[in-house]
Amino acid sequence: MNSLGLEWRSLRLIHYSKDYFEFLYDCYQDYNSIYLFCNQLEIKSKNEFWNFLTNKMEKSYNEYMIIINKENSRPIGFIYSYNYNTNNQTIYTAIYIIEKYRRGSIGATAGIIFYNYMFKTKPIRKIYCTVYEYNKESMNLLKTAGFKEEGILKQHRYINGNYYNMHIMSLKRENLYKKLGKVI
Amino acid sequence: MNINDKLKKIIESTIEIKIEKNIEDIVLRKDLQVSSLEMLWIIIDIEKEFKIRIEEEDISKMYSGKDVIEYIKNKLSHSET
């Protein structure tokens with residue numbers, strides 16, 4: 001299909017191991033950003049987070065990868081898939097990048113590596129991503145990656161006195177490769 | 001075509017919008033609503049067109065067309081020496 005593996009440009013994705021537990025714990029303390037996609041906003045102790053992560057790994061997450069900056073081999077984010085439905089051939093994904101690296105194209109690069117990996121290794125028709133209406137940057141990125149809006153759950157999420165819509169976006173296999181096929 | 005024209009062509013082709021302003025005056029994310037993925041496609045096309053390598057940390061410093069043109073000129077001058 002193509003030669004793109006789990007490395008591209010400045011990034012490498014590696015499967016989660018316990019070595020990255022502390023990094024993930026720190027990420028989940030970034031409440032200003034984690035609310036963009038995570039429903040469990042107050043994970044206070046490491047023990048609580050360990051239980052949260054273990055439970056999710058067993059019951060919900062499918063692939064969970066750490067995004068590594070190849071220049072210094074340091075983790076700069078994570079990306080994962082969940083709710084894999086083998087009957088419908090669909091899966092959901094989410095991504096988090098630490099703030100320092102959000103201005104460039106790290107998120108886009110990591111997304112491409114991961115989506116390509118998912119389509120290459122699983123019989124998936126569509127990748128879903130849910131994004132809240134206040135997360136304009138993610139919405140813009142998903143649309144340019146070929147994601148199309150499939151629906152809106154209105155006033156789905158309550159945060160700090162307000163309800164927000166959740167948009168359900170989907171990426172079909174052929175839409176990813178329309179542009180990607182020309183550059184890899 | 002000079003660097004400005006080539007860059008304008010690359011950006012227009014990526015975002016599929018005709019740019020009327022001087023490319024140097026364009027603020028990529030503000031004026032053209034360029035997403036991080038579109039920025040990545042632009043960078044890849046620039047690398048191919050000018051045969052240069054653009055580092056990730058430099059991409060985050062490129063706000064305007066002028067920044068990109070200066071960067072390309074700088075890279076090209078270093079590759080010639």
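In the predicted model, B:Asp58 is classed as buried, since its relative accessibility of 17% falls under the 20% cut-off. This residue forms a salt bridge with B:Lys61, in which the closest N and O atoms are 3.9 Å apart. Elsewhere, salt bridges that share partners join A:Glu7, A:Arg12 and A:Lys70 into one network. Over all chains, the count of salt bridges comes to ten.

Two further pairs in chain B were examined in turn. The side chains of B:Lys6 and B:Glu49 meet in a salt bridge with an N to O distance of 3.6 Å. This pair links distant parts of the chain, as B:Lys6 belongs to helix α1 (residues 3-15) of chain B and B:Glu49 to helix α3 (residues 36-50) of chain B, 43 residues apart. B:Lys6 has a relative accessible area of 25% and is therefore partly exposed. B:Glu49 is also partly exposed, at 37% relative accessibility.

A salt bridge is likewise found between the side chains of B:Asp31 and B:Lys21, at 3.5 Å from N to O. B:Asp31 lies in helix α2 (residues 28-31) of chain B, whereas B:Lys21 lies in the loop between α1 and α2 of chain B, so the pair ties together parts that are ten residues apart in sequence. Both partners count as partly exposed, B:Asp31 with a relative accessibility of 33% and B:Lys21 with a relative accessible area of 45%.

The interface between the two chains was considered next. The size of an interface is often given as the accessible area lost when the parts come together. Between chain A and chain B, the buried area is about 1900 Å², and carbon and sulfur atoms give 52% of it. The contact takes 20 residues from chain A and 22 residues from chain B. One salt bridge is counted between chain A and chain B; A:Arg9 forms a salt bridge with B:Glu47, with 2.8 Å between the closest N and O atoms. Three residue pairs are in polar contact across the interface of chain A and chain B, with both residues at pLDDT 80 or more. On the side of chain A that touches chain B, α4 (106-121), α5 (136-144) and α6 (173-183) of chain A each supply at least two residues. By class, this side of chain A has eight nonpolar, six polar and six charged residues.

In soluble globular proteins, nonpolar side chains tend to be buried together. The largest nonpolar core has 39 residues, and those with the most contacts inside it are A:Trp8, A:Ile67, A:Ile112, A:Tyr115, A:Ile127, A:Phe147 and B:Leu37. Helix α4(A) gives the most to this core, with ten residues. A second, separate core has 25 residues, including B:Ile3, B:Ile59, B:Val68 and B:Ile72.

Backbone angles were also examined. Most residues other than glycine have a negative phi. A:Asn83, a residue other than glycine, has a positive phi near 50°. A:Asn83 is placed in strand β4 (residues 74-85) of chain A and counts as partly exposed, at 42% relative accessibility. A positive phi, near 45°, is also found for A:Gln155, again a residue other than glycine. A:Gln155 lies in strand β7 (residues 148-159) of chain A. With a relative accessibility of 55%, A:Gln155 counts as exposed, because this value is over 50%.

Technical notes:
Residues numbered from 1 in each chain as written. Chains lettered and ligands numbered in written order. Predicted model: local features only at pLDDT ≥ 70, side-chain atom pairs only at ≥ 80, totals over all residues. Heavy atoms only, no water. Salt bridge = Lys/Arg side-chain N within 4 Å of Asp/Glu carboxyl O. Helix = DSSP H or I, 4+ residues; strand = E, 2+ residues; numbered from the N terminus. Buried < 20%, exposed > 50% of the residue type's maximum accessible area, 1.4 Å probe, protein only. Contact = heavy atoms within 4.5 Å. Buried area = accessible area lost by both parts, 1.4 Å probe. Polar contact = N/O pair within 3.5 Å; in protein donor to acceptor, adjacent residues only side chain to side chain. Nonpolar A, V, L, I, M, F, W, Y, C, P; charged D, E, K, R; others polar. Core = buried A, V, L, I, M, F, W, Y, C linked by side-chain atoms within 4.5 Å.
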